[in-house]
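Subject: Structure handover

Hello,

Here is the structure for you to look over. My notes on what turned up follow below it.

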Amino acid sequence: MNSQIKNRHSTTECSSPLAQTNTQGISTGTTIIFAIACGLSVANVYFAHPLLDTMAADFGISASVIGLIVTLTQIGYACGLLFIVPLGDILDRRKLIVAQGLLSAIALTVVATTHNESVLFVAMVAVGLLAVVVQVLVAFAAMLASSTTRGKTVGMVTSGIVIGLLLARFISGVLADLGGWRTVYMTSAVTTLLMAILLYRILPRETTTLTSASYPALLRSVLTLFVEEPVLRVRAILALLIFTIFSIFWTALVLPLSAPPYLMSHTQIGLFGIAGLAGVFAAGWAGHLADRGLGQWTSGISLMLLLLSWVFIAQLNSSIVALIIGVIILDLAVQAVHVTNQSMIFAIRPEAHSRLVAGYMLFYSIGSAIGAIASTAVYDSAGWNGVCILGTAISIVAVIFWAATAHIGRAQLQATLTASQLKIRI
């Protein structure tokens, strides 16, 4: 089945001085714009978290019902990963990205203006569905980058995702304090529209020899990749584990900090995301090491740091400083593994970047959902200590899994790296 869609011959035409052809790599300016666009898009998924109580009051519905917003947004995102992201391997990514941006601006406007709860829920599904433009951008950046700088490029773009993910709650709280929750979504709608226009102007046009593969065959090939590529299977499971841990921490954190003796506001709790921006530096560092063939060692060291972070996080009840140190270490480790994962899977099948990232990110979503559900249940029965024990246990599992699978795909990845180095010498 993959033979039907294996060969995608692409060249790019520059529509802006910022963009360069994929034989030269992607310029720093374009990479930064990719990163900003990713940050804006991923933030749309998380803006609602600190606004749920205000939105419930506005619509006159219970807190338990308004919680559907988070669930429906994640459902939309998962559907987008399955049904939209793979299209990047057979369609002009520039058109696909711009279309998603324009439709996302419309969906955000509906959220900001509707007074009907049913319309709100449908619009939030659309927000999640279209937010997967993040993954199309990541795959496009990986394709445009030269083979020797792909990890660095993915790292820079992922830095934008980290910033958007961690600052979304803080920015949402600040804007809501200034102008109400609707201001958050209207501001995002305008910003998303402006970004879509900018991307239309600067993204390189693709001249692509499209395949005759059908859309169902394209979707089935995502599953085929898991069968054919052991590196993808291993890295997807690692993604599930690290984002389960990530979600366990960030979902449960609001509970002890909003309760006595701290009684912090949503805006104050959001400030802890700034400490987590250490992950931005980890993303670039990990991508650079992956380009040098050190992805396995980067993964192992980062997973052990992830385990260490819980030593500090467990001290929340006695030291906020220790908690902040734990946040820095945890986010640094998670993002380092995440970028390394993507760099390694992109190297194995260059013609299938969109399908690879779609399959990989499904495990990311599953891990995030498991972590959110598990952390609140454990906190309710065992408090913060129970959350820390759960996070530590899964971190140990991740280290053991890495050690047991470190040999898988090593020869394939080394051959890819060697081939890239030979091309540069030639």
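Phenylalanine 249 makes contact with Trp310, Ile313, Leu323, Val327, Leu330 and Trp384, once neighbours within four places in sequence are set aside. Keep in mind that this is a predicted model.

Phe249 also counts among the residues with the most contacts inside the largest nonpolar core, along with Tyr185 and Leu330. That core has 125 residues. Helix H11 gives the most to this core, with 17 residues.

Now the rings. Phe249 belongs to a cluster linked by ring pairs.

Start with phenylalanine 34 and phenylalanine 140. Their ring centres are 6.0 Å apart, with 50° between the planes. Phe34 lies in helix H1 (residues 28-46), while Phe140 lies in helix H7 (residues 133-144). The pair therefore ties together parts that are 106 residues apart in sequence. Both of these phenylalanines are buried.

Next, phenylalanine 243 and tyrosine 364. The centre-to-centre distance is 4.3 Å and the planes stand at 65°. This pair is edge-to-face. Phe243 sits in helix H11 (residues 230-257) and Tyr364 in helix H17 (residues 353-405), so the pair ties together parts that are 121 residues apart in sequence. Phe243 is buried, and Tyr364 is buried too.

Arginine 94 lies over the face of tyrosine 200. The distance to the ring centre is 4.5 Å.

Where does Val337 lie? It is in helix H16 (residues 320-348). Is Val337 buried or exposed? Its relative accessible area is 1%, so it counts as buried, the cut-off being under 20%. Leaving out residues up to four places away in sequence, Val337 touches Ile242, Ser299, Ser302 and Leu303. Val337 and alanine 282 are 55 residues apart in sequence, and their C-alpha atoms are 9.0 Å apart in space.

Best wishes

Conventions. Residues are numbered from 1 along each chain as its sequence is written. This is a predicted model: local features need pLDDT of at least 70, side-chain atom pairs count only at pLDDT 80 or more; totals for chains, interfaces and linings use all residues. Side-chain values use heavy atoms; hydrogens and water are left out. Rings of Phe, Tyr and Trp (its six-membered ring) pair if their centres lie within 6.5 Å; planes under 30 degrees apart count as stacked, over 60 as edge-to-face and the rest as tilted. Helices (H or I, at least four residues) and strands (E, at least two) are DSSP runs, numbered from the N terminus. Buried means under 20% relative accessible area, exposed over 50%, partly exposed in between (1.4 Å probe, protein chains only). A charge sits over a ring if NZ of Lys or CZ of Arg is within 6 Å of the ring centre and within 35 degrees of the ring normal. Contact means heavy atoms within 4.5 Å. A nonpolar core is a set of buried Ala, Val, Leu, Ile, Met, Phe, Trp, Tyr and Cys residues joined through side-chain atoms within 4.5 Å.
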